[in-house]
Amino acid sequence: MKKIHNMDVEWGYTGAFGPEHWHTLCDWFATGAKYPYQSPINLSKEQAQPASVAQTIEIYYTREEFTEKEFKNTFHFVPPNTESYIIFEDEQYFLTDIHFHTPSEHTLNDQQWPLEFHLVHMNNMGENLVLGCLFTITNEPNRFSKENQAIKWLPGTHQQWFNPSIFLPEVHSHFHYLGSLTTPPTKGPVHWFVFDMVQPMDQVFLEQLKEGMLPFNNRPLQPLNDRKIYFSE
């Protein structure tokens, strides 16, 4: 096994570099894969317990600058100033990255959806919290339609300004569980909050993001391993 601990390890979603081989590609990936509660998983209200008040999240998003980047086999919006944040268990988690997977990585009641956005946060101790937002793809009018200008694309630049709350559903009911990152090194624990409201995503808007991307970039479902899942209305 390669003794490598950097971002240059080649990995992907098919063949010898696919998800079933990630843990063999280097020692860093192998260490992350040892965390027992891997993501993504199937989510259903039948298997979930009611969330307590202490498990709620407070979202403080603001309009800020984002830089477009392509790495880790997907498209990312990266905020250089990390002004948006979430409060969970009296801890601030700052928004550090927004990216997407096609099709969805999490499933709801064993149903997979065409698209899943991940809003990745990190606290001052380097611990992660991720919001998962599921989408269908449509040509019908929606908040991402061109006329609504959810993100006003600026030609000739990779800098965009928007409020990341555009990716959140109107209803914030969600699942919460402890899992891992879904890309190498798949380390944990990561607090996952996956909204159960599936939203419409504009086909044209998505095509702007997917240009040059892989046709699919979703990690397969992982075993539950007796972990607890919570649901908050």
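Predicted model: local features only at pLDDT ≥ 70, side-chain atom pairs only at ≥ 80, totals over all residues.

Residues are numbered from 1 along each chain as its sequence is written, and side-chain values use heavy atoms, with hydrogens and water left out.

Q: What is the average pLDDT of the chain?
A: pLDDT is the predictor's confidence in each residue, from 0 to 100. The chain averages 92, and 96% of the residues score at least 70. Over residues 1-6, though, pLDDT stays under 50.

Q: Why is the pair Y35 and Y37 called edge-to-face?
A: Rings of Phe, Tyr and Trp (its six-membered ring) pair if their centres lie within 6.5 Å; planes under 30 degrees apart are stacked, over 60 edge-to-face, and the rest tilted. By this rule there are 21 aromatic pairs. The centres of Y35 and Y37 are 6.0 Å apart and the planes stand at 90°, so this pair is edge-to-face.

Q: What makes the pair F144 and F205 tilted?
A: Their ring centres are 5.0 Å apart with the planes at 45°, so tilted is the label. The pair links distant parts of the chain, 61 residues apart: F144 sits in the loop between β10 (128-138) and β11 (159-162), F205 in helix α2 (residues 203-210). Helices (H or I, at least four residues) and strands (E, at least two) are DSSP runs, numbered from the N terminus. Both F144 and F205 also belong to a cluster linked by ring pairs, with F66 and F75 among the other members.

Q: Why does Y35 count as buried?
A: Buried means under 20% relative accessible area, exposed over 50%, and partly exposed in between (1.4 Å probe, protein chains only). Y35 has 17%, so buried it is. Y37, at 28%, is partly exposed. F144 is buried at 3%, and F205 is buried at 3% too.

Q: What makes polar contacts with the side chain of N42?
A: A polar contact is a pair of N or O atoms within 3.5 Å; within protein, one must be able to donate a hydrogen and the other to accept it, and residues adjacent in sequence count only if both atoms are side-chain atoms. The side chain of T107 qualifies at 2.7 Å, and the backbone nitrogen of D110 lies 2.7 Å from a polar atom of the N42 side chain. N42 itself lies in strand β1 (residues 42-43) and is buried at 16%.

Notes. Contact = heavy atoms within 4.5 Å.
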